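Me: I have a model open and want to read its features one by one. Where do we begin?

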Amino acid sequence: MSQKTPRNFFKPLAIGAPDPMRELPVRLERMIHFVPPHLDKVRAKVPQMADQADVVLANLEDAIPSDAKDAARAGAIEMAGMVDWQAKGTGFWSRVNPLNSPWFQDDVSELVLKAGHQLDVIMLPKVEGPWDIHFADQFVAQLEAKAGLKRPILFHAILETAQGMALVEDIALASPRMQGISLGPADLAADRKMKTTRVGGGHPFYRVIDDPNEDGSPRANAQQDPWHYTIARMVDACRMAGINAFYGPFGDISDLDACEQQFRNAFLLGCAGTWSLHPNQIAIAKKVFSPDPNEVKFARRILEAMPDGTGVAMLDGKMQDDATWKQAKVISDLADLVAAKDPDLAAAYSA
Ligand SMILES: CC(C)(COP(=O)(O)OP(=O)(O)OC[C@H]1O[C@@H](n2cnc3c(N)ncnc32)[C@H](O)[C@@H]1OP(=O)(O)O)[C@@H](O)C(=O)NCCC(=O)NCCSC(=O)C[C@](C)(O)C(=O)O
Ligand SMILES: [Mg+2]
């Protein structure tokens, strides 16, 4: 047997560690805003970021130079104390260095021991399989016990290798600490030997072309989404495990339209949120990952038309039944979550 028994799955992994969560906290996580914590100027803006983003993340991994890893870790711990995260309702996460790096142990132990009360989620990069989650799980449990934490820290894995992709279901199910998974399109592209230098989004060469025209006129063709399979598979793995899927980074900071489209495709396929690398991506994520007011109104009409969620009804010529009731509930529940945080959208949803 390679799995834990059902009873043992939810037992703490260290004496004195908090009980693992059986259900994830219901939180709005439309965007995970990445902050480089070693930069004093950017760190100073953390309270401002906490007002705007649903989640603020102290990034310790890629994009932090190797000679700034200690400064970034110290900056992350400072960030933990800069905001009363729980009172504000903004998530505080950190992306640590990978398990095979010389920084992982210090990253995790300092974060848990010095900032564990504030830290909601540790983001683990380059996760290859469930064994990576199991190792980190045990290590964090020991540290939680030492720090006297009452609330368990959750894990978020990044899908960045072909092996991680092949084992995404096992990763999603590896521990009750699993909160979600994000796509890491740059590392994943490199590991798969995809021929692109872009971080997410489409590619001008990845297209579908119409059949030849009889008159020899130019054939219509259109760009396709090279991430469709990956995102859809990640969503299935996550939702099977009762956790959330997230898009990830969109690297062309200057192309706001393409960023919005990539985020929207991920939203429609089931993702709960995305990353923002630059302040201008926060507003895009907010727009895309908050349901459209007209969709919300229609969803609520479906719920009203079938109060007990069964039967069949017609709305504007469209058939509604038990299944569309569930679709409507997804949108309506998300709208409630958004409305609780955003008075403008609350007004738009109830108008
Ligand atoms: C892209 C960069 C260099 C452009 O930074 P910039 O300074 O050139 O941009 P700017 O437009 O000139 O900045 C305007 C203002 O915004 C500020 N600013 C700018 N960014 C932020 C930020 N994030 N948070 C808060 N403030 C920010 C910046 O400091 C400036 O402030 P100022 O007007 O007062 O001077 C910068 O935005 C940045 O460092 N972003 C984070 C990058 C990052 O975390 N990358 C790693 C995640 S993606 C990844 O790892 C891949 C993955 C998953 O692993 C895989 O696919 O494999
Ligand atoms: Mg990466």
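Reply: With a term. A polar contact is a pair of N or O atoms within 3.5 Å; within protein, one must be able to donate a hydrogen and the other to accept it, and residues adjacent in sequence count only if both atoms are side-chain atoms. Here, an oxygen atom of ligand 1 is 2.7 Å from a polar backbone atom of Ala186. For Pro185, a backbone N or O atom lies 3.1 Å from an oxygen atom of ligand 1.

Me: What ground rules apply to the model?

Reply: The model is predicted: local features need pLDDT of at least 70, side-chain atom pairs count only at pLDDT 80 or more, and totals for chains, interfaces and linings use all residues. Residues are numbered from 1 along each chain as its sequence is written, chains are lettered from A and ligands numbered from 1 in the order in which they are written, and side-chain values use heavy atoms, with hydrogens and water left out.

Me: How many residues surround ligand 1, and which are the closest?

Reply: A residue is near a molecule if one of its heavy atoms lies within 4 Å of it. By that test 20 residues surround ligand 1. The closest are Phe34, Lys41, Lys45, Ala186 and His278.

Me: How does the shell divide by class?

Reply: Ala, Val, Leu, Ile, Met, Phe, Trp, Tyr, Cys and Pro count as nonpolar; Asp, Glu, Lys and Arg as charged; the others, Gly among them, as polar. The shell around ligand 1 has ten nonpolar, four polar and six charged residues.

Me: Which element gives the most to the shell around ligand 1?

Reply: Elements are DSSP runs, numbered from the N terminus: helices are H or I with at least four residues, strands E with at least two. Helix α10 gives the most, with three residues. β1 (31-35), α2 (40-43) and α10 (185-192) each supply at least two.

Me: How do I read burial of a side chain? Take Ser182.

Reply: Buried means under 20% relative accessible area, exposed over 50%, and partly exposed in between, with a 1.4 Å probe and protein chains only. Ser182, in strand β6 (residues 178-183), has a relative accessible area of 0%, so it is buried. Its side chain makes a polar contact of 2.9 Å with that of Trp275.

Me: Is Arg43 buried or exposed?

Reply: Arg43 is buried, because its relative accessible area is 11%. It lies in helix α2. A polar contact of 3.1 Å joins its side chain to that of Asp40.

Me: And what about Thr230 and Ile284?

Reply: Thr230 lies in helix α11 (residues 228-241). At 1% relative accessibility, Thr230 is buried. Ile284 lies in helix α13 (residues 279-289). Ile284 is buried too, at 8%.

Me: What should I look for in phi?

Reply: Most residues other than glycine have a negative phi. Ala63 has a positive phi of about 90° although it is not a glycine. Ala63 sits in the loop between β2 (55-59) and α4 (69-82). It counts as exposed, because its relative accessibility is 72%.

Me: Where is Lys193 found?

Reply: In the loop between α10 and β7 (207-209). Lys193 has a positive phi of about 65°. At 62% relative accessibility, Lys193 is exposed.
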